[in-house]
Amino acid sequence: VCDGSGKAVYPESGSPETPLEDKGDWASARALEFQKSDYVAAAEAYGRAAQASVDMQTKARALQAQAGCLMKAGRTEESLTRLAELAGDLSLRNAVSAQGTLIVPNAQLLIIKQADGITASRGDIAALRQQALAGLVSRLNDYTDARLLSSQRRFLMRELPTLATETNAFPTLAAEELAAEYLERDPAPPLDSKLQSTRLAKVWRLPSADRTMVALVREVRLSVELTALLDSLAPPDVRVTLLPPGETVALPKPIPLQDAGEYMPGWRLSLSFRDGDPLAKAAARQTRFYLWSGFLVVVVIVMLALLVARYVAAQMRLARLKDELVSTVSHELKTPLASMRALVDTLLARRYRDEGQLRDYLQLIAKENLRLSHLIENFLMFSRMERRQRRFRFEDLAPETVVRAAVDAIGDRLAPSQCRFATWIGPNLPRIHGDADALATVLINLLDNACKYTNNDKRIDLRVYSANAHVIFEVADNGIGLDRGQVRRVFDRFYQVDQSLTRQRGGCGLGLSIVNYIVRAHGGAVEVESELGKGSTFRVSIPLSMRLR
Ligand code: ADP
């Protein structure tokens with residue numbers, strides 16, 4: 001606290017001496033005390049001086065001196081009583097000693113000090129001590145009491161806790177000491193009300209506008225508290241730090257330091273982002289995005305290239321297969337024609353032994369003829385299928401009709417002399433919805449294959465039964481069978497497991513694809529179960545007639 005000119009008032013820079021005139025009882029008491037060392041007599045003289053005194057200063061000093069002499073005379077309890085009287089007298093509250101210090105607080109400290117020497121069991125002494133302690137603590141904490149000098153207050157604040165351990169330390173003592181140290185080192189009055197450094201290390205001062213007060217703040221506190229305040233005002237992702245002059249900060253990517261403003265000269269603000277730099281993060285995100293996009297583009301290009309390559313390969317394969325088809329077809333057509341022609345020539349030249357041989361030749365011609373028509377039927381069917389021109393004539397029909405048509409068409413190839421062929425048709429079969437000719441073609445192809453791809457001792461079974469709202473046509477043989485890979489591909493166009501074998505047995509890889517096409521057109525399905533070397537079973541399921549479904 002300063003006066004208007006900026007000179008410190010509290011803490012005070014010195015204490016006023018207030019000596020008393022040595023006269024009357026006071027002078028004789030002093031002589032007894034200091035020259036004769038007769039403390040008992042001195043105490044009595046001081047007592048008289050106290051009673052005779054008209055001003056509080058003399059009275060208080062006399063009582064204080066009397067208590068001192070009683071103490072020296074070993075009459076401690078009496079001395080304590082005097083001191084308690086002095087402390088309890090409200091009129092003496094502001095009396096000061098010759099050194100300018102208040103007498104009562106010193107007397108209270110003395111009571112506490114002396115009381116400790118007397119047995120704790122003395123209740124009246126303990127009460128005196130308690131009273132003195134309470135009075136002293138409240139006075140030391142009372143800053144409205146301008147009479148108490150800072151130097152005395154500091155002394156008592158330091159002293160009291162060492163005597164009365166039950167007293168809590170005084171929180172303002174640090175501030176008192178800082179202010180005293182400041183005045184000692186930096187007595188020049190502050191100029192304007194800006195934050196200013198002092199000669200004390202890391203202590204700053206801030207004068208009020210009228211210069212009647214100077215706040216002293218430690219640098220660390222200023223920076224911590226203002227940082228917390230600024231931080232609470234800043235956006236959540238920004239960290240603000242207030243830096244004292246000369247201090248730098250090692251934060252990740254701070255924004256260039258900013259001046260803290262004219263009221264805090266030299267101080268700077270450091271701004272940084274809490275979770276790294278959002279700009280760098282955005283850039284990283286962007287880069288990741290570009291990398292992924294690039295990657296995806298490459299993947300798409302590669303996939304497209306693969307698709308195109310596959311398509312081109314498939315087209316080339318198809319072209320090759322079509323070429324092969326042409327040669328197969330001409331071969332397949334030529335063979336039966338050539339043999340028929342040879343047979344007809346033989347017959348025309350009458351080169352046969354008897355009726356029996358004639359009949360055999362005619363049967364051979366019929367067989368070749370049959371093979372030829374079957375072949376041509378398949379080609380035509382395939383060509384219509386390719387051009388999607390095959391129209392089906394759907395009707396309700398009995399499954400037996402289809403079986404009969406197929407077996408009749410296949411003719412002698414299933415005769416007992418050629419193979420063991422058995423047909424089993426389930427009882428009361430429901431009618432199916434289909435094209436009788438097309439379904440017969442299906443069975444003809446399956447039976448034809450069963451004949452072709454079995455070796456000697458052929459055994460072929462045709463079973464027809466109903467299950468799950470379908471009629472199932474099952475053609476089983478004990479032939480050469482198919483492995484798993486072949487099973488997956490047999491229904492593909494032009495697919496032949498072994499071309500040399502097919503050459504030898506006739507066929508051009510169309511039969512099963514035609515079967516598949518017709519069955520699908522009927523809303524049915526075809527599947528094959530096969531084991532290499534053991535035989536195959538082809539199963540065609542055709543939906544029942546609409547009315548039965
Ligand atoms: P192909 O006119 O060559 O007989 P298919 O489409 O009818 O043509 O048959 C395709 C291939 O499936 C045949 O070349 C043959 O290798 C195989 N295959 C068909 N049926 C059978 C079967 N019952 N047993 C073994 N292999 C068969």
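This report describes a surface patch, a strand hairpin and a pocket in a predicted model.

In this predicted model, local features require pLDDT of at least 70 and side-chain atom pairs count only at pLDDT 80 or more, whereas totals for chains, interfaces and linings use all residues. Residues are numbered from 1 along each chain as its sequence is written, and side-chain values use heavy atoms, with hydrogens and water left out.

V308, Y311, V312 and M316 make a nonpolar surface patch of about 430 Å². Patch residues have over 30% relative accessible area and no salt bridge, with nonpolar side chains joined within 5 Å; a salt bridge is a Lys or Arg side-chain nitrogen within 4 Å of an Asp or Glu carboxyl oxygen. Areas follow the Shrake-Rupley method with a 1.4 Å probe. V312 belongs to helix α10 and is partly exposed at 40% relative accessible area (buried is under 20%, exposed over 50%, partly exposed in between).

The elements named here are DSSP runs (helices, H or I, at least four residues; strands, E, at least two).

| Element | Residues |
|---|---|
| α10 | 278–348 |
| β12 | 525–531 |
| β13 | 535–543 |

Strands β12 and β13 pair in the antiparallel sense over seven bridges, pairing being at least two DSSP bridges between strands. E531 stands opposite G535 in β13. Three residues lie between the strands of this hairpin, where G533 takes a positive phi near 85°.

The second largest pocket holds about 750 Å³ of space. Its lining comprises 35 residues, with V1, Y10, P11, A175 and A179 the closest to its centre. A pocket is an open set of points on a 1 Å grid, where a 1.4 Å probe fits, with protein on both sides within 12 Å along at least five of seven lines; lining residues have an atom within 4 Å of a point. The volume is the space filled by probe spheres set on the points. Helix α8 gives the largest share of this pocket's lining, seven residues.

How values were computed:
Patches are made of residues with over 30% relative accessible area and no salt bridge: like charges are joined within 9 Å, nonpolar side chains (Val, Leu, Ile, Met, Phe, Trp, Tyr) within 5 Å. Buried means under 20% relative accessible area, exposed over 50%, partly exposed in between (1.4 Å probe, protein chains only).
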